[in-house]
Amino acid sequence: MSNPLSAFLRDYLTVGIFASLAFVLVGLLLFISWLVRPDRRQAQKYIAYESGVDPVGDMWSQSQVRYYIFALLFVMFDVEAVFIFPWATQLEVFGFFGLIEMTIFIVILLLGLVYAWRKGVLRWV
Amino acid sequence: MDPLLSGGIGLSEILIVLLKVVVAFAGLMVGVMAMVWFERKLVADMQNRIGPNRAGPFGILQTLADGIKLFFKEDLQPERSDPFVFKLAPYLALVPAFLVFTVIPIAGNFSDGQDGVVTLFGHETLMQVADPQMGILFVLAMSSVAVYGVMLAGWSSGSKYPLLGSVRASAQMVSYEAALGLSVATVLLFAGTLSTNGIVASQAGWRWNIWMTLLVPFVVFVIAATAELNRPPFDLVEAEQELVGGFHTEYSSIRFALFFLAEFMNTVTMSAVIVTLFLGGPSGPIPSGAPGWVQDFLLPLIYFFAKLLVFLFVFVWFRATLPRFRYDQLMDLGWKFLIPLALGWFLILTAIKVARDQGWNPVVAGAVAALAVVVGGLLLRSSIRAAEDKDFDAVDPADLDGAGA
């Protein structure tokens with residue numbers, strides 16, 4: 001093709017234009033607000049909100065490790081989706097062989113979930 | 001790909017692209033404002049109140065009035081916040097919300113094997129802003145980027161409530177993303193393409209995925225989408241009684257308005273995604289004798305907006321009806337129910353699809369696969385039960401009231 005733009009770039013050309021417009025809009029709204037809003041500084045206004053009481057201790061406190069375990073489990077299923085999506089669109093080509101292959105793949109991943117479940121990771125305490 | 005851009009790109013193509021972008025942009029903004037009004041009015045009706053009724057007829061300009069008010073509010077930034085990330089987060093929340101809409105086909109004639117191509121000023125094009133080959137992956141990618149907006153907003157505020165809200169939000173959104181992706185995969189089995197235009201075209205002639213996939217993936221998708229949107233009953237992210245405002249507690253003035261806008265825009269675009277994936281997008285019965293503009297624009301637009309309105313109503317209905325989940329219930333529903341269900345259903349549908357391609361009896365294949373999935377599921381379930389029982393016995397009651405619990 002003699003066209004200077006690759007097919008990929010042309011697919012996303014309009015998306016790019018749309019994205020830049022969205023960025024400009026957000027910037028514009030913030031700019032307008034900067035022009036018209038009042039600015040009456042008082043030290044108390046900049047204290048973090050804790051239901052009206054003076055904040056205690058460090059703001060970046062530690063949070064439960066449980067959240068991160070779910071993030072790890074999510075990676076497992078996201079990788080699974082990466083393999084399933086292209087396979088699902090081409091199922092007719094693979095036929096019965098593809099079905100067996102994908103069943104094995106999904107069962108292995110499911111065993112991972114079951115393992116985590118058995119270990120009590122999914123229980124929220 | 002959009003036929004408009006497949007040839008050479010000259011001035012007229014660029015102008016049409018710009019026109020589409022501006023129309024879609026303006027339409028989305030107006031749609032979001034209308035959605036905010038629609039939600040407030042509908043919730044008011046369901047709670048036996050009147051709702052907004054001062055600004056404009058039936059209070060329809062209420063959103064605009066609120067937005068203008070927020071422009072004139074002082075912009076506060078907590079002293080302990082991270083200034084750069086604090087300012088970046090609204091962009092990360094709002095821009096992906098806009099971008100999802102680019103791949104949604106809103107009009108075009110899909111009946112009788114047509115592929116929704118319309119003629120605009122003598123150029124053939126599709127009635128969607130862009131049609132990348134991996135359209136539906138783009139939707140999932142953007143909904144993942146939106147997690148960053150919420151997470152960074154909470155983290156950068158340098159305050160405790162937002163931090164808790166954002167940690168909750170990210171765990172919730174990634175959990176339900178798995179179920180969301182799996183129910184999308186079942187749609188792909190029948191569509192055979194990742195392009196949103198192709199997905200809509202594959203559902204022409206009432207072969208809508210909602211019944212082609214036997215309803216379950218649709219239900220999973222709607223539940224997971226509600227959780228992805230952090231809408232009630234999954235709005236633990238901003239549970240008022242626990243976290244004040246959640247991740248945007250420290251945001252004020254127009255920065256808060258941007259988060260608010262992003263939230264409602266996500267609701268609108270997610271409803272549009274549901275319509276595209278499961279309800280055939282803008283397709284519907286189109287009389288062949290009608291003039292071209294009725295076939296290409298008027299009727300498909302009416303069908304699309306009618307379907308969209310159903311889901312917008314359903315999301316508001318959820319909010320007015322269902323009480324909020326507890327966090328452990330939320331995680332259990334996602335990991336222990338929706339994901340196994342979506343996986344099992346995916347395998348059953350794969351068997352049916354393969355049987356149909358190979359010329360076997362799809363009902364028998366489906367029944368055999370369902371039996372295998374149920375037996376396998378029960379086996380795994382009993383193994384989990386056994387482990388949980390053992391775990392329960394192992395806990396010494398004396399530990400429960402000491403520091404060891």
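Colleague: In which hand does H2(A) pass H3(B)?
Modeller: This is a predicted model. In it, the helix H2 of chain A (residues 13–36) passes H3(B), and the crossing is right-handed.

Colleague: Are H2(A) and H3(B) parallel, perpendicular or oblique to each other?
Modeller: The two axes come within 9 Å and cross at roughly 140 degrees. An angle counts as roughly antiparallel over 145 and as roughly perpendicular from 65 to 115. H2(A) and H3(B) are therefore oblique.

Colleague: Into which classes do the residues of the contact of H2(A) with H3(B) divide?
Modeller: From H2(A) come Val15(A), Phe18(A), Ala19(A), Ala22(A), Phe23(A) and Val26(A). They meet Pro90(B), Tyr91(B), Leu94(B), Val95(B), Phe98(B) and Leu99(B) of H3(B). The division of this contact is no charged, no polar and 12 nonpolar.

Colleague: Which element gives the most to the side of chain B that touches chain A?
Modeller: Between the chains, 71 residues of chain B are in contact with 61 residues of chain A. On the chain B side, the elements giving two or more residues are H1 (11–46), H3 (83–100), H5 (160–191), H10 (253–278), H12 (327–358) and H13 (362–394). The most, 14 residues, comes from H12(B).

Colleague: How many residues of the side of chain B that touches chain A are nonpolar?
Modeller: That side of chain B has 13 charged and 14 polar residues. The nonpolar residues there number 44.

Colleague: Within chain B, which element gives the largest share of the side of domain 1 that touches domain 2?
Modeller: Chain B is divided into domain 1 (73–325) and domain 2 (343–391), with C-alpha centres 30 Å apart. In the contact, 7 residues of domain 1 face 6 residues of domain 2. Two or more residues of the domain 1 side come from each of H5 and H8 (216–228) of chain B. The largest share, 4 residues, is that of H5(B).

Colleague: How many residues of that side of domain 1 of chain B are nonpolar?
Modeller: The side of domain 1 that touches domain 2 has no charged residues and 2 polar ones. Its nonpolar residues number 5.

Colleague: Which element of chain A has the highest mean pLDDT?
Modeller: Over chain A the mean pLDDT is 80, and 92% of its residues reach 70 or more. Among the elements of chain A, the lowest mean, 73, belongs to helix H1 (residues 7–11). The highest mean, 86, belongs to H2(A).

Methods: Residues are numbered from 1 along each chain as its sequence is written. Chains are lettered from A and ligands numbered from 1 in the order in which they are written. This is a predicted model: local features need pLDDT of at least 70, side-chain atom pairs count only at pLDDT 80 or more; totals for chains, interfaces and linings use all residues. Two residues are in contact if their C-beta atoms, placed from the backbone, lie within 7 Å. Ala, Val, Leu, Ile, Met, Phe, Trp, Tyr, Cys and Pro count as nonpolar, Asp, Glu, Lys and Arg as charged, and the others, Gly among them, as polar. Axes are lines fitted to C-alpha atoms, for helices over the stretch in contact, and angles run from 0 to 180 degrees between N-to-C directions. Angles under 35 degrees count as roughly parallel, over 145 as roughly antiparallel, 65 to 115 as roughly perpendicular and the rest as oblique. A crossing is left-handed if the near helix is turned anticlockwise from the far one by less than a right angle, and right-handed if clockwise. Domain bounds come from an automatic or database domain assignment. pLDDT is the predictor's confidence in each residue, from 0 to 100.
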